[in-house]
Amino acid sequence: MSSSLELSELVEEATETADGRRLGVLFWVCVGWLALNLLAAILANVLPLENPLTQNYNAINAGPSLHHLFGTDDLGRDIFSRVVFGSRVSIEAGLGSMVIGFGVGAPLGMLAAYRRGRFDQVLTVLMYVVLAFPAIIATIAILSFWTPRTLLKIIVVIGVAAIPLVYRVIRTATLAVATQDFVVAAKVQGASDTRILVRELLPNVAPIAVSFLLIGVATVVTLEGSLAFLGLSVAPPTPSWGNMINESRTILQLNPWLALFPSAAMCLFLLSLNFIGDRLRTHFDVSEGKL
Amino acid sequence: MARYLARRLITLVGIVIIISIGAFYLIHLLPGDPATVILGTGDSPQNRARLYAQLGLNRPIIEQYFVWMKNVLHGNLGTSFISQVPVWTTIRAALPIDLEMIVLSQILSFAVAIPLAMSSAKRPDSWFDRFLGAFSFTMLSIPAFILVVVLVLVVAIKLAIPHTGVSSYVPLTQDWVTNLESMALPSVVLAIGSVTVYYRVLRSDLIATLQQEYITLARSKGISQRRILWRHALRPSSVALLGTAGVNIGGLLAGGFIVQYLLDIPGLGYTLVNSIGLSDYLVVQGIVLVVSVGVIVINFVFDFFITLVDPRIARE
């Protein structure tokens with residue numbers, strides 16, 4: 001009786017893993033797209049691309065052709081090349097600020113959830129207070145008065161603003177794991193705090209962290225775009241997706257390609273990040289996976 | 001309930017105080033002489049003397065905060081050294097526009113998101129549900145500034161619908177019909193962002209609620225699907241929705257600047273961006289303070305709504 005029950009449970013578990021919790025084709029398409037973007041951004045100097053800053057007055061606002069795959073802008077610069085080079089700003093800003101946000105926020109969040117007590121209380125109140133401050137406005141205010149602007153400053157400001165958000169997510173995720181039996185068992189066996197944090201808690205928190213990291217990168221890419229519209233992103237003529245979309249606004253009717261390609265590049269990039277992040281979250285979240 | 005709200009209110013006051021310190025010391029985070037930053041292009045000996053007197057810049061930094069705070073509590077956020085207009089006057093002119101934009105977009109969002117979430121939750125995994133899921137996900141990934149650019153191109157330029165383009169804002173007090181027309185596009189852009197979030201949150205909670213036994217009981221009593229959804233399932237499913245709405249509306253107040261800026265709507269966000277361009281520090285500081293406090297108050301109000309929907313939360 002008991003063995004048949006166990007067996008049915010096992011079968012149920014197996015089928016759930018087999019069809020209910022697969023990542024799906026679209027997931028891998030998105031991963032591929034991101035990989036392609038990343039590769040192109042890294043290899044942009046080596047690839048046979050036109051110089052994104054070279055102005056060609058014989059081909060101004062030209063439509064897409066074999067010569068210029070995405071056409072040219074109002075200064076005759078190759079849009080395809082600018083979209084590829086522009087991805088660097090978005091990717092650097094996204095990854096850079098998340099490195100800062102996670103580098104500080106994640107260890108603190110895990111430690112606070114594991115230690116609890118006074119340390120947790122003080123840190124959590126502090127983080128919630130910082131969170132109450134509208135990060136977007138603070139970012140704009142600081143960037144606008146902190147001149148001259150560089151990509152590094154943008155990354156630092158956004159990264160610091162991300163710390164309390166990361167802290168909150170990681171702390172909540174760790175809390176859910178820290179009270180489970182296997183952690184208690186490890187403690188009883190006399191495992192050191194470092195060992196429990198790294199070997200027991202980290203592997204369980206990592207999936208949530210990765211999915212949040214991807215969504216975080218997407219948010220920063222959007223933010224860079226918003227900053228570009230305010231003239232607070234990297235200075236022209238350096239291409240960035242935000243800069244390009246912003247520059248296209250004034251000649252929207254004349255040259256819609258100029259708005260279309262960087263917008264599409266940005267949307268597809270964001271869509272991939274969000275989709276992968278969301279899939280990973282549901283994939284590892286058993287309670288929601290059951291629904 | 002009263003005790004819960006009182007406790008929340010005390011935390012709220014505490015956070016507001018800390019935020020005011022943050023907004024005040026913002027200037028000291030920046031490199032350079034604060035007076036030079038504050039005065040910006042209005043840097044003249046007379047203005048410099050006025051500034052020193054007004055902010056007590058000769059005094060210790062802690063005393064400066066109290067001087068500033070006393071003024072703020074009296075509704076005095078300083079007078080801009082660039083436009084010579086009191087900061088509070090500028091904010092009072094802009095704030096109603098933000099509120100109108102938020103109210104319009106939220107009415108629109110709830111009116112669309114709630115029925116859609118219900119239709120989806122009624123039959124999860126149906127083609128309709130899958131389509132909406134994919135569609136909302138796509139919309140979630142389109143930044144507001146791209147939506148604005150596309151909508152202006154299609155609605156205002158190609159379709160040439162009047163009062164929808166850039167710089168077509170008309171104040172509510174001047175002509176409310178034209179005002180609503182000019183607010184339609186920005187409200188729709190903000191609503192699109194909100195609908196996708198609300199739809200996803202409410203849908204998943206409704207699905208969970210509809211699996212409860214009391215819903216099965218209601219069904220077996222022969223109560224109509226519509227009545228079950230609206231009268232039995234919506235309220236217990238809306239705790240997370242209200243929490244999300246609170247955060248989201250706060251986000252609109254802080255993040256609506258890009259829509260206002262692109263469409264030339266003179267709300268707080270637009271004023272903020274302009275003031276930054278003019279290096280009008282006092283206006284920036286005033287807006288940061290007002291928006292921060294606004295975000296916190298909105299969150300508090302929605303926490304209160306949540307306790308109305310589910311009083312157990314307050315008793316805990």
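Predicted model: local features only at pLDDT ≥ 70, side-chain atom pairs only at ≥ 80, totals over all residues.
Helices here are DSSP runs (H or I, at least four residues; strands are E, at least two), numbered from the N terminus.

Next I listed who meets whom. From α7(B) I have B:Ala144, B:Leu147, B:Val148, B:Leu151 and B:Val155, and they meet B:Leu185, B:Val189, B:Ile192 and B:Gly193 of α8(B). Contact means that the C-beta atoms, placed from the backbone, lie within 7 Å. I sorted these residues into 8 nonpolar, 1 polar and no charged. For the sorting, Ala, Val, Leu, Ile, Met, Phe, Trp, Tyr, Cys and Pro are nonpolar, Asp, Glu, Lys and Arg are charged, and the others, Gly among them, are polar.

An aside on helices: with 3.6 residues a turn, residues three or four places apart point the same way in an α-helix.

**Housekeeping**

Residues count from 1 along each chain as its sequence is written, and chains are lettered from A and ligands numbered from 1 in the order in which they are written. As for confidence, local features need pLDDT of at least 70 and side-chain atom pairs count only at pLDDT 80 or more, while totals for chains, interfaces and linings use all residues.

**A helix pair in chain A**

I then looked at α7(A) (residues 181-188) and α8(A) (residues 193-229), whose axes come within 10 Å and cross at roughly 155°. That pair is therefore roughly antiparallel. This crossing is right-handed. On the α7(A) side I found A:Phe182, A:Val183, A:Ala186 and A:Lys187, which meet A:Ile196, A:Glu200 and A:Leu201 in α8(A). The tally for this contact is 5 nonpolar, no polar and 2 charged.

**Both chains overall**

Chain A has 11 helices and 0 strands. Chain B has 15 helices and 0 strands. Along its principal axes, the C-alpha trace of chain A spans about 80 × 50 × 30 Å, and that of chain B about 80 × 55 × 35 Å.

I checked burial too. In chain A, 39% of the 291 residues count as buried; in chain B it is 38% of 316. Buried means 20 or more other C-beta atoms within 10 Å of a residue's own, exposed means 12 or fewer, and partly exposed is in between. In chain A, 68% of the contacts with a separation of 6 or more involve residues 24 or more positions apart. For chain B, 70% of contacts between residues at least 6 apart join residues at least 24 apart.

**A:Ala93**

I picked A:Ala93, in helix α3 of chain A. It counts as buried because it has 26 C-beta neighbours inside 10 Å. Leaving out residues up to four places away in sequence, A:Ala93 touches A:Leu151, A:Ile154, A:Ile155, A:Ile158, A:Val220 and A:Glu224. I also noted A:Val156, 63 residues along the chain from A:Ala93, with 9.1 Å between the two C-alpha atoms.

**Positive phi**

A:Arg116 has phi near 55°, positive although the residue is not glycine. It lies in the loop between α3 (79-115) and α4 (117-132) of chain A, and it counts as exposed because it has 12 C-beta neighbours inside 10 Å.

In chain B I found B:Asp264, phi near 60° and again not a glycine, in the loop between α12 and α13. B:Asp264 has 13 neighbours inside 10 Å, so it counts as partly exposed.

B:Gly75, which follows α4(B), has a positive phi near 75°.

**Where the chains touch**

Last, I looked at the interface: 34 residues of chain B are in contact with 31 residues of chain A. The chain B elements giving two or more residues to it include α1 (2-29), α7 (144-158) and α14 (281-309). I counted 29 nonpolar, 5 polar and no charged residues on the chain B side.

How values were computed. Contact = placed C-beta atoms within 7 Å. Axes fitted to C-alpha atoms, helices over the stretch in contact; angles between N-to-C directions. Parallel < 35°, antiparallel > 145°, perpendicular 65-115°, else oblique. Left-handed = near helix turned anticlockwise from the far one by under 90°.
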